[in-house]
Amino acid sequence: MIRVYEDRSQPNGKVDFKSTTISRVFTKKTIDQVKVFPLQGIMVSLAEGVVRVHMFPSLEIREVFDKAKGTLSFISNECFDKRSQNDELQVCMALKRRVQFYRWSPREYSFAFLRELSLAETPRLMEWAGTHSICVAFKRDYKMVDTVTGELQQIFPQGRKGPPQICRMEASDEMLLVKNNQGICVDLNGKPTRTEPIEWKDPPSAILFRRPYILTATPAMVDVRNVENRMLVQTLVLRNGSMLASTLLAERMVVCASPTVVMQLTPVSPVNQVEELVSNNHFEAALQLIEEDLDGKWRGLRDEHRLKVQTQYAYHLYDQRDFDGALQLFQQTKTNPKQVLALFPQIVPQGQCRKVEHPVHHFKLVERKEEFLKATGALIPYLEHLRNRLSMDPKYARSARNSLSSNPRRSYSKGSGQEMTLPALIDMALLLVLLETDSDDGKYNAALNFIEQDTHCDYQLTEELLTRRGKFKELVAFFEKRDQHEDALELLKRLGSSSVVTTTDPTLRGPDGTIR
């Protein structure tokens with residue numbers, strides 16, 4: 001007997017099905033296989049070695065495949081190409097040491113025989129692989145079979161544990177083949193596509209792919225894993241599960257069955273899935289999930305959630321002291337520069353970035369000297385990127401240029417609560433980082449090269465900083481670049497007197513430095 005149910009589930013999540021069709025004379029013995037083709041309005045069944053085509057949902061028998069008596073199983077290319085139209089639908093039937101191919105004819109509203117291929121062995125399991133190939137599990141190994149010529153190409157031997165399993169991974173050119181308790185991804189030519197297999201505790205008895213997850217039924221449970229990183233996402237208690245299948249009742253719904261229980265699984269919303277992954281610090285998996293085409297509503301939320309997760313990931317990497325990864329993500333997400341600079345108190349002038357609020361609260365600031373020195377290698381390219389970005393922003397470029405030309409000695413007042421302009425804040429931070437990386441012997445002097453450019457460094461702070469660190473050559477260059485020649489000459493005069501200022505740079509003594 002077979003029943004057809006209509007889905008009458010409510011929008012509030014209440015599940016309800018009503019039986020619409022019952023066929024009590026469908027077959028006298030066990031039904032081995034059933035497949036519904038909604039585009040064609042038909043259902044194909046296999047029972048007692050006979051394949052029949054039924055109208056759907058009435059279940060009226062339309063035709064019987066007389067040439068295919070003794071069929072063991074059948075597959076269709078619908079799993080290979082979901083976009084197949086009526087005249088492209090094909091079915092392949094496995095018989096003893098041979099396979100037969102049929103094509104659906106919309107005009108005749110029936111299947112037309114295409115060809116029969118002889119094989120050396122009887123297929124145990126089949127799946128459509130490519131336009132002209134099927135993947136077949138024989139007694140000892142997996143092979144590709146050309147659907148036109150019958151040419152065989154071995155993939156690899158089967159394992160000794162568990163039944164063979166072939167899973168076509170929709171929306172990709174891959175298949176998952178099971179060997180013992182491992183799942184191995186191969187391309188449509190049978191070549192491995194990934195370096196690491198998916199591993200289970202026990203060999204699966206059924207397998208289903210619902211991007212981006214692989215669902216497997218094992219003796220104790222249903223196992224859900226992310227196919228990209230092989231991470232275990234969820235386990236569902238279902239003993240002796242024997243079937244996993246997608247349904248026509250709702251988008252991406254899955255049915256799990258054992259000899260005594262049938263479970264209907266509905267995916268958790270993408271938003272909740274992403275939030276759970278982030279809460280467990282699985283940021284890479286969350287970002288991969290965001291890119292999946294899960295449903296129509298999700299497409300409009302991707303950008304918002306991608307930005308949110310990337311920002312959280314950047315703070316996580318910072319907390320793990322992966323400064324390169326963190327600052328690259330801060331740069332990619334265009335996070336507020338003041339939020340990023342506030343993470344490195346060593347490069348923030350006194351009184352700045354005090355009111356900054358972070359979207360993440362659980363992280364530890366960089367305080368130790370060795371941690372800060374580790375961060376400098378990542379800070380330099382990040383700050384240089386910010387400088388370039390601001391220089392191309394008309395609002396910042398124009399205001400900063402006007403400010404420097406009108407008052408090259410402009411400084412903010414400490415303790416007044418006055419905020420530095422963003423270009424000035426970034427340049428001061430970069431100067432502080434470069435001073436940390438410069439060599440003491442003067443062979444590497446990135447700070448001097450920076451000072452000799454047009455910068456927005458605060459005049460008073462820069463003078464105090466360079467004086468305190470004994471960087472008089474840099475200070476002279478800074479005065480010259482700001483056209484403060486009187487200050488430069490006064491400094492050179494003071495440097496000429498060893499009793500007042502001590503410097504080891506011989507170029508700062510004598511008259512040479514005063515002549516241009």
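# Working chat: backbone and burial in a predicted model

User: Where do the coordinates come from?
Analyst: This is a predicted model, in which local features need pLDDT of at least 70, side-chain atom pairs count only at pLDDT 80 or more, and totals for chains, interfaces and linings use all residues. Residues are numbered from 1 along each chain as its sequence is written, and side-chain values use heavy atoms, with hydrogens and water left out.

User: How many helices and strands?
Analyst: The protein chain has 13 helices and 25 strands. These are DSSP runs numbered from the N terminus: helices are H or I with at least four residues, strands are E with at least two.

User: What percentage of residues is buried?
Analyst: Of the 516 residues, 46% are buried. Buried means under 20% relative accessible area, exposed over 50%, and partly exposed in between, with a 1.4 Å probe and protein chains only.

User: And contacts, what share comes from residues 24 or more positions apart?
Analyst: Such pairs make up 44% of the contacts with a separation of 6 or more. A contact means heavy atoms within 4.5 Å.

User: Switching to the backbone. Which peptide bond ending at Pro-57 is cis?
Analyst: The one from Phe-56 to Pro-57, with omega near 15 degrees. Pro-57 sits in the loop between β5 (50-55) and β6 (61-64).

User: What about the bond between Arg-211 and Pro-212?
Analyst: That bond is cis too, with omega about 5 degrees. Pro-212 is in the loop between β19 (206-210) and β20 (213-217).

User: Why list these at all?
Analyst: Because most peptide bonds are trans, and most residues other than glycine have a negative phi.

User: What is the phi of Asn-281?
Analyst: Positive, about 65 degrees, although Asn-281 is not a glycine. Asn-281 lies in the loop between α1 (270-279) and α2 (283-290), and is partly exposed at 44% relative accessible area.

User: And Lys-334, buried or exposed?
Analyst: Lys-334 is exposed, at 61%. Lys-334 also has a positive phi, about 55 degrees, without being a glycine, and is placed in the loop between α5 (323-333) and α6 (337-341).

User: Last one: where is Pro-270?
Analyst: Pro-270 is in helix α1 and counts as buried because its relative accessibility is 11%. Pro-270 and Leu-289 are 19 residues apart in sequence, with their C-alpha atoms 7.9 Å apart.
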